[in-house]
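Visitor: I am new to this structure and would like to learn how to read it. Please take me through it one feature at a time.

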Amino acid sequence: MNLRIVGDLASFLSAKFNVPKEKINIQLEICPANMEGELTVNCFKLVPILKSRPDTVTDAVLEFISSHDDVISAGKIKAFVNFVLKVASLYRDTISKPRLILESAKFPEKDKRRVLIEYSAPNTNKPLHLGHLRNNTLGMSLASLLKRAGHDVFAVNLINDRGIHICKSMLAYMRFGNGDTPESTGKKGDHFVGDFYVKFDQALRKELAELREARPDLKDKSDEDLFALTAIGQEAQEILRKWENGDPETIALWKMMNEWVINGFSLTYKRMGVTFDKVYFESDTYKMGKDVAVSGEKAGLFKRRDDGAIIADLKPFGLTEKVLLRSDNTSVYITQDIGTTLMKDEDFHPDQQIWVVGDEQIHHFKTLFAILKVLGYKWADKLYHLAYGMINLPSGKMKSREGTVVDADNLFDDMHELAKNAAIERLGENIPEDIDRRSEMIAMGALKFMLLKFNPKTTIMFDPQASIKFEGDTGPYVQYVCARINSILRKYSTEGKTLSPEVNWGLMETKYEKQLAIVASLYPEALLSAAEKLDCSVLVNYLLDLAKAYNSFYRECSVLNAETEDLKMARIALSSAVRDIIADGLKTLTIDIPEAM
RNA sequence: GUUCCGGUAGCUCAGAGGAUAGAGCAUCUGACUUCUAAUCAGAGGGUCGUGGGUUCGAUUCCCUCCCGGAACACCA
């Protein structure tokens, strides 16, 4: 919102209190509904800047505002100055230049950065579930948001395609596969492989039970401890060894099964709209970072322990010692992450790297960032772990063993079906040809919106009965506003009329119209605040506010049946501007909008 | 044990020094011969986990404690 009166007030206060104008940052607020006025200056916030008493500041602000040309009325309550703008001034400074609003939702050129976002990072042993959907949605929407705000953004995926987990699926396939393939069974590749992972787990649990039966002394050991004592566990580890030694048969099976899974993932990604600038595979990167550990030790940055292991001392960072290279010269998880971080830096030269990874890895990333600081990389303090919370079900945590995991593809299908049924119910006889396309946009919009509405770090509760909604604070609620406006614009153009460049904005005098104009003009603040905080929920909640303001306006102020042709024109211009802003916002969040609903 | 995150309406969540703490859902009332009711208007519903402190002012910042979750590997 760029009101003339704000700049004028800053000049006035600057002169009166002898404070440089640049220091006077006035954030106008929307006046609470139960107060007299439309806009508010919170004078408490100016007190420290102007180094004066609240009363003095408030009186000065009130004096200036009430005598300003743009103002109809003003008053103060405590240290709040509430005022009402002249209608023409309000529109002049807000919605009458919609293109300007959209254009100013961008960081200035000098703040432009190169940002690299890594997200998704799936394991290739089973299909994606709701937790992955939160990751993917957060990652792709954040990438899109930062791009929209003016940064150069690169998104990468690091697929975890090697390790014991895929060996488990391979072993189960060797045992129970009968040479089936996704093609021969008609199953999506990731689900096909995931089923074998489940079969492995079932066989393992059977062996674990037998082992505990036969060896009472092991009864209290954890599954992890006993894994290497089971025949099936040993066999899986043998496959991992063969893989590491490049055994051709093992490699061939591994390649085949990974391809199945990744083909399956790409269908899910496509449906969500997930894309990457580059995809890394852990099978290529898992040995990286060793040389950094070694050269870091030579440079005196890391220590060599008596047994030969290389260790980073992170006590200055409030952390403990961390092994980077074992005494047998093999690397650990974090060593690999050091390597891939450096590789991504080489590949993209970003100013900032962001990882979208669950909050259970907060400690890991603190450690990683500390090590990179020890290594002296100047960009190390810009690294950011977007740590998001888990998703719980009413029954508690999602557990694959208990079959309570919400499968991504199934969820998509369920939501699509529900959206379609809801549409058919509303449309009655007139089922449009593109009903499936529409239902898909509504379903995916509802899902993404739901996942983005919460602050990323909160643990969220997903109740299928309650969370799958198309009414209230949802994506479809916002989409629906666009559909309504589209409908108005369609009807208007079939009247043979086009939007006039001459709009008399000042004709719109109701509180609904003015409120809508004010909220709409706050779009740049919302978008940039979301980008600055790396938090899409800021933008989501803004779009809900704007959609609400439009729906109130819609009910109270008829557009096509406005009293005069000029008023109709003005309301159409207002509606059109709101539609463009909402469309821009939803697109920024990677949410599509159906033309009609 | 240490560290981190959370505790706000019946439920799911916003608010992060400022006005009488908000939204959606659920419950109840009202509004479709009207530009799309996936909508709108209204009602009820709160000791902002507890106890202290900081100040003009604290749900917000600091400390105590209680409750829930997570992390603290030579696992990934």
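**Reading the model**

Guide: The largest cavity has a volume of about 30 Å³. Please note that this is a predicted model.

Visitor: How many cavities of 30 Å³ or more does the structure hold?

Guide: There is one.

Visitor: Which residues line the largest cavity?

Guide: A lining residue has an atom within 4 Å of a grid point of the cavity. Here the lining is made up of Asp 345, Pro 350, Asp 351, Gln 352, Gln 353, Trp 379, Lys 382 and Leu 383. Sorted by class, three of these are nonpolar, two are polar and three are charged.

Visitor: What is the volume of the second largest pocket?

Guide: A pocket, unlike a cavity, is an open set of points. The second largest pocket has a volume of about 740 Å³. Its lining has 23 residues, and closest to the pocket centre are Met 1, Asn 2, Leu 3, Ser 521 and Glu 525.

Visitor: Which elements supply at least two residues each to that lining?

Guide: They are strand E1 (29–30), helix H4 (87–93), helix H5 (98–103) and helix H22 (523–533). H22 gives the most, with three residues. By class, the lining divides into 12 nonpolar, six polar and five charged residues.

Visitor: How is chain A divided into domains?

Guide: Domain 1 covers 4–85, domain 2 covers 119–392 and domain 3 covers 408–588. Between the C-alpha centres of domain 1 and domain 2 there are 54 Å. The second largest pocket draws at least three lining residues from domain 1 and at least three from domain 3.

Visitor: What is the order of the strands in the open sheet of three?

Guide: Two strands count as paired when there are at least two bridges between them. In this sheet the order is E8-E9-E10, and the pairing is antiparallel. Strand E8 (303–304) and E10 are the edge strands, each pairing on one side only. Strand E9 (residues 310–313) is joined to E10 by four bridges. Within this part of the model, Ile 311 stands opposite Val 323 in E10.

Visitor: Now for the RNA. Which residues come nearest to RNA strand B?

Guide: A residue counts as near the strand if one of its heavy atoms lies within 4 Å. There are 53 residues around RNA strand B, and those that come nearest are Arg 305, Arg 326, Lys 397, Tyr 480 and Tyr 554. By class, this surface has 23 nonpolar, 13 polar and 17 charged residues.

Visitor: Which part of RNA strand B faces the protein within 4 Å, sugar or phosphate, or bases?

Guide: Of the RNA atoms within that distance, 63% belong to sugar or phosphate, and the rest belong to bases. Individual contacts can be picked out. An N or O atom in the side chain of Ser 487 is 2.5 Å from a phosphate oxygen of RNA strand B. For Lys 78, the distance from a side-chain N or O atom to a phosphate oxygen is 3.5 Å. Leu 560 has a polar backbone atom 2.9 Å from a base oxygen.

Visitor: Which elements give two or more residues to the surface near RNA strand B?

Guide: The strands are E4 (80–85), E10 (321–325) and E15 (460–461), and the helices are H17 (408–427), H20 (475–494) and H23 (536–556). H20 gives the most, with seven residues.

Conventions: Residues are numbered from 1 along each chain as its sequence is written. Chains are lettered from A and ligands numbered from 1 in the order in which they are written. This is a predicted model: local features need pLDDT of at least 70, side-chain atom pairs count only at pLDDT 80 or more; totals for chains, interfaces and linings use all residues. Side-chain values use heavy atoms; hydrogens and water are left out. A polar contact is a pair of N or O atoms within 3.5 Å; within protein, one must be able to donate a hydrogen and the other to accept it, and residues adjacent in sequence count only if both atoms are side-chain atoms. Ala, Val, Leu, Ile, Met, Phe, Trp, Tyr, Cys and Pro count as nonpolar, Asp, Glu, Lys and Arg as charged, and the others, Gly among them, as polar. Domain bounds come from an automatic or database domain assignment. On a 1 Å grid over the protein atoms alone, a cavity is a set of points where a 1.4 Å probe fits but cannot get out, and a pocket is an open set with protein on both sides within 12 Å along at least five of seven lines; lining residues have an atom within 4 Å of a point. Grid points are joined across faces, edges and corners, and a volume is the space filled by probe spheres set on the points.
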